[in-house]
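Q: How should the salt bridges, helices and nonpolar cores of a protein model be read? Please take me through the features in turn.

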Amino acid sequence: MNIIKNNTEVVVIGGGPAGYSAAFRCSDLGIKTIIVEKYSDLGGSCLNVGCVPSKYLLHVSKIIKDSNELVEYGFNISNENFNIDIVKNRKNNIIKNFNSGLLNMSKKRNIRIINGIAEFIDVNTIIVKNDAQTNYINFNNAIIASGSKSIKLPIFEYEKHYIWNSSDALSLPFIPKKLLIVGGGIIGLEMATVYHYLGSKIDIIDNSDKLLPMIDRDIINTYYKMTKKDFSFMLGSNISNIEYRNNTVIVNLIDKNNIQKKYTYDAVLIAVGRYPYTELLNISKIDIKCNSSGYINIDNQMRTNINNIYAIGDVTGQPMFAHKGIHQGHIVAEVIAGYKHYYDPKIIPSIAYTIPEISWVGINEIEANNLGIEYDSVLFPWNYSSKAIIENSSFGITKLIFNKKTNKIIGGSIIGHNAGELISEISLAIEMNCDVDDIALTIHAHPTLYETIGLASQIYNGSITDLPNHKFKII
């Protein structure tokens with residue numbers, strides 16, 4: 001086996017969104033950079049087995065939903081020729097095109113990519129092994145961006161083809177007639193959406209009494225209402241035993257009333273969360289400090305307790321979002337380049353790309369109460385939005401939360417069509433420290449869904465005309 005020695009200013013361990021963003025920014029700032037990636041393609045879990053393929057499949061789900069609605073309205077649309085292989089091929093081509101684009105951008109930036117598993121030798125050296133060669137990389141600075149992995153439940157036998165993690169589910173191995181999803185978080189609900197519209201009957205089990213507890217109850221209750229025909233929710237329940245029989249899974253559970261029940265499924269998806277992927281890096285050898293959950297401790301410049309070693313993305317803890325990692329990647333590159341930049345976001349938006357979509361940002365009502373903030377919240381119901389009615393999304397809600405003392409916006413959430421796009425205005429408003437009049441006096445295009453944000457603000461300041469005005473003021 002060949003042994004190659006390399007020297008670089010920065011080595012980035014992990015080629016996902018956080019890692020390649022950091023590497024590309026380093027290169028743009030004139031810093032010699034190497035990316036170490038264990039797989040043959042860049043993009044990490046997000047591009048290859050996560051965000052991108054799941055959002056494509058959710059897009060397909062939305063098309064199926066819209067087609068079904070048109071049939072209900074009397075349009076003649078046939079799904080007789082629906083072919084799951086066409087969906088798979090389109091998904092794989094999208095991923096392949098992004099992979100190619102990332103590789104080309106790496107080449108244009110003169111970034112070398114070394115494939116293999118990285119392991120720390122000391123605070124200035126890693127070793128990377130693959131089938132063809134062993135690379136020693138001496139570096140001035142290292143950025144750990146190795147991502148996260150799905151948590152496994154020991155009660156399940158993962159070698160069976162019908163016990164899935166999220167990556168398995170996104171490969172569309174088959175469409176089960178009946179699918180159990182263990183875990184009612186974002187990933188579980190998104191996969192429930194996909195497989196429901198592909199034809200599976202979906203049960204969702206979670207040991208919590210509430211789905212997505214970080215979302216205000218009026219929003220999540222709307223989600224329950226809109227999906228009660230699509231999914232069977234078994235909340236506050238736990239699995240007591242598993243049996244395998246004739247390529248099916250027999251699940252014994254205990255519900256919230258301590259009653260034992262038995263169900264049979266064609267497949268089970270485990271979506272109970274993710275954990276930081278650091279076990280092969282040998283970070284303990286150089287004494288990098290982690291918290292009790294295994295996430296790497298960092299300061300507001302992404303620096304670990306080792307002065308020249310940084311960490312970004314999922315390995316640094318919640319929230320595990322690609323957009324958080326990308327932002328951290330830019331900051332860490334600028335810090336290494338000598339800029340006095342810091343990671344100090346006021347808010348990080350969250351999105352569940354379910355049907356309907358849910359998005360939220362900033363402080364919710366429970367957090368405001370816990371923080372002792374005097375607040376007021378307003379809801380604009382989408383059944384007063386002509387655009388929402390046109391798009392069959394009149395059940396939607398736009399909710400804003402304001403500090404009563406300052407009238408500054410501190411939080412917001414949206415449920416309905418394109419909620420993930422609409423949350424951007426609320427995010428910017430919170431970052432820019434806007435008050436209610438900044439939003440209400442901004443002219444929003446009509447008819448649009450985003451004008452519901454302006455209308456919600458008008459409810460709060462008493463200038464609304466699209467609804468009965470309970471704060472009517474004579475000006």
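A: A salt bridge is a side-chain nitrogen of Lys or Arg within 4 Å of a carboxyl oxygen of Asp or Glu. The structure is a predicted model: local features need pLDDT of at least 70, side-chain atom pairs count only at pLDDT 80 or more, and totals for chains, interfaces and linings use all residues. Residues are numbered from 1 along each chain as its sequence is written, and side-chain values use heavy atoms, with hydrogens and water left out. Under that criterion, K62 and D66 form a salt bridge with an N to O distance of 2.8 Å.

Q: Where do K62 and D66 lie?

A: An α-helix has 3.6 residues a turn, so residues three or four places apart point the same way. Both K62 and D66 belong to helix 3 (residues 51-72), 4 residues apart, about one turn of the helix. Helices (H or I, at least four residues) and strands (E, at least two) are DSSP runs, numbered from the N terminus.

Q: How many salt bridges does the whole structure hold?

A: A search of the whole structure finds 16. Among them is the pair E374 and K405, whose side chains meet at 3.9 Å, N to O. This pair links distant parts of the chain, 31 residues apart: E374 is in the loop between helix 9 (365-370) and strand 20 (375-381), and K405 is in the loop between strand 21 (397-403) and strand 22 (409-415). E374 has 44% relative accessibility and so counts as partly exposed, whereas K405 is exposed at 66%.

Q: Which residues are linked in a network of salt bridges?

A: D216, D218, E365 and K399 are linked in such a network. D216 lies in the loop between strand 10 (201-206) and helix 7 (217-227), and it counts as buried because its relative accessibility is 6%. Contact means heavy atoms within 4.5 Å. Leaving aside neighbours within four places in sequence, D216 is in contact with N364, E365, I366, K399 and I401. A polar atom of the D216 side chain also lies 3.0 Å from the backbone nitrogen of E365.

Q: How can the length of helix 6 be checked?

A: The expected span of a helix is 1.5 Å times one less than its number of residues. Helix 6 (residues 186-197) has 12 residues and should therefore span 16 Å; its end C-alpha atoms are 17 Å apart, which agrees. The helix is mostly covered, with 9 of its 12 residues buried, including L189, M191 and V194. Just after helix 6, G199 takes a positive phi of about 115°.

Q: Which residues touch the most other members of the largest nonpolar core?

A: In soluble globular proteins, nonpolar side chains tend to be buried together. A nonpolar core is a set of buried Ala, Val, Leu, Ile, Met, Phe, Trp, Tyr and Cys residues joined through side-chain atoms within 4.5 Å. The largest core has 54 residues, and V268 and I358 touch the most other members. Helix 6 gives the most to this core, with 6 residues. Apart from it lies another core, of 27 residues, among them W382, C434, V436 and L455.

How values were computed. Buried < 20%, exposed > 50% of the residue type's maximum accessible area, 1.4 Å probe, protein only. Polar contact = N/O pair within 3.5 Å; in protein donor to acceptor, adjacent residues only side chain to side chain.
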